[in-house]
Amino acid sequence: MNIVGISACTVGIAHTYIAQKKIETAAKKAGDNVKIETQGTIGIENKLTDDEIAKADIVLLAVDVKVSGEERFAGKKVVKVTTQTAIKSPNKLIEKLHELVKE
């Protein structure tokens, strides 16, 4: 499965990057391709390309704030959770994404 997404927390420092790492680790463990863009205090990093978005089976937004560029995901299946959810239960979150893609 191809997963793309964004992580962003209110402060834009720790939780943004912890969530990214936890999601990527859990997704790779499940055999998925994954790329998570971060929107933190230093701006957008690991920016998603139009091609990556087009190939995505699902979009995961692990965000606590409004993020820029959400319109890029129009027409895609989008799941929005808090960074805390991504950090505390990344494996369950990836399982849920698999269920949603199968629907």
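Q: In which helix of this predicted model is Ile-18 found, and is Ile-18 buried, partly exposed or exposed?
A: Ile-18 belongs to helix 1. Its relative accessibility is 37%. Buried means under 20% and exposed means over 50%. Ile-18 therefore counts as partly exposed.

Q: What distance separates the C-alpha atoms of Ile-18 and Gln-84?
A: Ile-18 and Gln-84 are 66 residues apart along the chain.

Q: How are helix 1 and helix 4 oriented to each other?
A: Two packed helices are described by the angle between their axes and the distance between the axes. For helix 1 (residues 14-29) and helix 4 (residues 90-102), the axes come within 9 Å and cross at roughly 60 degrees. Angles from 65 to 115 degrees count as roughly perpendicular and those under 35 as roughly parallel. Helix 1 and helix 4 are therefore oblique.

Q: Which residues of helix 4 make the contact with helix 1?
A: Helix 1 contributes Lys-22, Ile-23, Ala-26, Ala-27 and Lys-29. By class, the contact has five nonpolar, one polar and two charged residues. On the side of helix 4, the contact is made by Pro-90, Asn-91 and Ile-94.

Q: Which residues touch the most other members of the largest nonpolar core?
A: This core has 18 residues. Helix 1, strand 2 (33-40), strand 4 (58-63), strand 5 (78-81), helix 3 (83-88) and helix 4 each supply at least two of its residues. The residues that touch the most other members are Ile-3, Ile-23, Leu-60, Val-79, Ile-94 and Leu-97.

Q: Which residues does Leu-60 touch, not counting those up to four places away in sequence?
A: Leu-60 is one of the residues that touch the most other members of the largest core. With residues up to four places away in sequence left out, Leu-60 touches Ile-3, Val-4, Gly-5, Ile-6, Ile-23, Val-79, Val-81, Leu-93 and Leu-97.

Q: Is Thr-38 buried or exposed?
A: Thr-38 lies in strand 2. Beyond its neighbours within four places in sequence, Thr-38 is in contact with Ser-7, Thr-16, Tyr-17, Gln-20, Gly-43, Ile-44 and Glu-45. Its relative accessibility is 1%, so Thr-38 counts as buried.

Q: What is the phi of Asn-46 near?
A: Asn-46 sits in the loop between strand 3 (43-45) and helix 2 (50-55). At 35% relative accessibility, Asn-46 counts as partly exposed. Most residues other than glycine have a negative phi. The phi of Asn-46 is positive, near 60 degrees.

Terms used
Residues numbered from 1 in each chain as written. Predicted model: local features only at pLDDT ≥ 70, side-chain atom pairs only at ≥ 80, totals over all residues. Heavy atoms only, no water. Axes fitted to C-alpha atoms, helices over the stretch in contact; angles between N-to-C directions. Helix = DSSP H or I, 4+ residues; strand = E, 2+ residues; numbered from the N terminus. Parallel < 35°, antiparallel > 145°, perpendicular 65-115°, else oblique. Contact = heavy atoms within 4.5 Å. Nonpolar A, V, L, I, M, F, W, Y, C, P; charged D, E, K, R; others polar. Core = buried A, V, L, I, M, F, W, Y, C linked by side-chain atoms within 4.5 Å. Buried < 20%, exposed > 50% of the residue type's maximum accessible area, 1.4 Å probe, protein only.
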